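Here is a short briefing to read alongside the model. Please have the viewer open as you go through the points.

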Amino acid sequence: MDISHPFEFANLSYGGKITYTNSVYSINNNDELAGRIDIDEFKYIENIQAAYVNVFKQLSEKWKIQLGLRAENTTTEGISRSLNISNNFDYFKLFPTVYLTYQPNDNNTFSINYGRRINRPYFSRLNPASFFINQSTRSVGNPFLQPSFSDNFEFTHLYKGRLTSTAFFEAETDGIGTVAIADNDTFEQVISSYNYFTLYRMGLSESYNLRLTPWWDSNNSVYLVYYISEITNDLIQAPVQDNFSYYLSTDHSFVLNKAKTHRAQLSYWYSGPFTINQTENDANQALNISLRSQFFDKKLQLAFSALDIFNTSPRISTSDVNGVVSTFISRGIFRGRGFRISLNYSFGNDEINVRQRREGNTTEQRRAN
């Protein structure tokens, strides 16, 4: 429920949200030697009640401010039938936000904002049942896993709507991370998630978009970040060090015909080596190319994308935990060479506008994946 009141003194909005989640995970472990199938079942129930209030006011011709406060009450219960484990948590948290904007003239806009956020773990990370990856490695969820919290500060300057400069600082507490802990005697490796670190990020970013020609648009960005890490879980003994990293990206869009129905896009990004907590990450990069065309009065859209053409985006990482060094390659959903083809056709009257509605449980759906 969301309600807005455009009063003369300010714009007031408020609302609430109730989310109830009941997830059941079952894993069938087939023990061929014993001639049986063991079923591990984990049930997780989460109930969230949230309410918010937001006030926006134009203080003067050059100044405007927005203040917000969200309150959340969360109750969770995790039940593992096979392991006979039941965990219950109940907590109440407040999340304030502040936005202040100053526009002295048409060419410059300054803004400062602060916000506190919550990052709840994926449901599957809470499941204590074992998932065997190979003979010596298994993945185990942590039913005691709790959300992490972050406080974010940003100062931004926008110049002529093209150059965006930002200075930022973020403090993350009770950080959630996946750790591989190995036993030197049994050579068994257990992968699980823990609340095990406090992380501070601070840095600068620059983004500049420009039109080089009537048919060529370019957007370029650079991020400089400094990390300060602290391990807060006694189960994890790992060397940590303060670290600097950088990220570069450039995107170019080309119009290929006068009707502007055929376009091409070229993008490249490079991420330098960096260390977060106990994990050292090598550099990686990717070059992507895409072509988009529209036909039949722009009702039919055809797109083709070639992703990571040189197969350089997978990142090699090395982690040192409890004196055991592990090396692994991370291949996210957009990491690794591949291609994508999409075809879209629009039916009906183009002059009819249909309001897009955002479902209230979008966040919970993401956590269930």
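Which strands each supply at least two residues of the nonpolar patch? They are β17 (284–295), β18 (300–307) and β21 (338–345). Bear in mind that this is a predicted model.

**The whole protein**
- The protein has 1 helix and 21 strands.
- Along the principal axes, its C-alpha atoms fill a box of roughly 70 × 55 × 50 Å.
- Of the 369 residues, 33% are buried.
- If you look at contacts between residues at least 6 apart in sequence, 56% of them join residues at least 24 apart.

**The nonpolar patch**
- On the surface, L256, L291, F295, F296, L302, F304, F339, I341, L343, Y345 and F347 form a nonpolar patch, with about 1200 Å² of accessible area together.
- Strand β21 gives the largest share of the patch, 4 residues.
- F347, one of the patch residues, is found in the loop between β21 and α1 (362–367).
- F347 counts as exposed because its relative accessibility is 70%, and the cut-off for exposed is over 50%.

**Around S150**
- You will find S150 in strand β9, which covers residues 148–159.
- S150 has a relative accessible area of 10%, so it is buried; the cut-off for buried is under 20%.
- Its side chain makes a polar contact with the side chain of N152, at 3.4 Å.
- Setting aside neighbours within four places in sequence, S150 is in contact with G115, R116, R117, E170, A171 and E172.

Terms used. Residues are numbered from 1 along each chain as its sequence is written. This is a predicted model: local features need pLDDT of at least 70, side-chain atom pairs count only at pLDDT 80 or more; totals for chains, interfaces and linings use all residues. Side-chain values use heavy atoms; hydrogens and water are left out. Buried means under 20% relative accessible area, exposed over 50%, partly exposed in between (1.4 Å probe, protein chains only). A polar contact is a pair of N or O atoms within 3.5 Å; within protein, one must be able to donate a hydrogen and the other to accept it, and residues adjacent in sequence count only if both atoms are side-chain atoms. Contact means heavy atoms within 4.5 Å. Patches are made of residues with over 30% relative accessible area and no salt bridge: like charges are joined within 9 Å, nonpolar side chains (Val, Leu, Ile, Met, Phe, Trp, Tyr) within 5 Å. Accessible areas come from the Shrake-Rupley method with a 1.4 Å probe; for residues, only the protein chains shown count as cover. A salt bridge is a side-chain nitrogen of Lys or Arg within 4 Å of a carboxyl oxygen of Asp or Glu.
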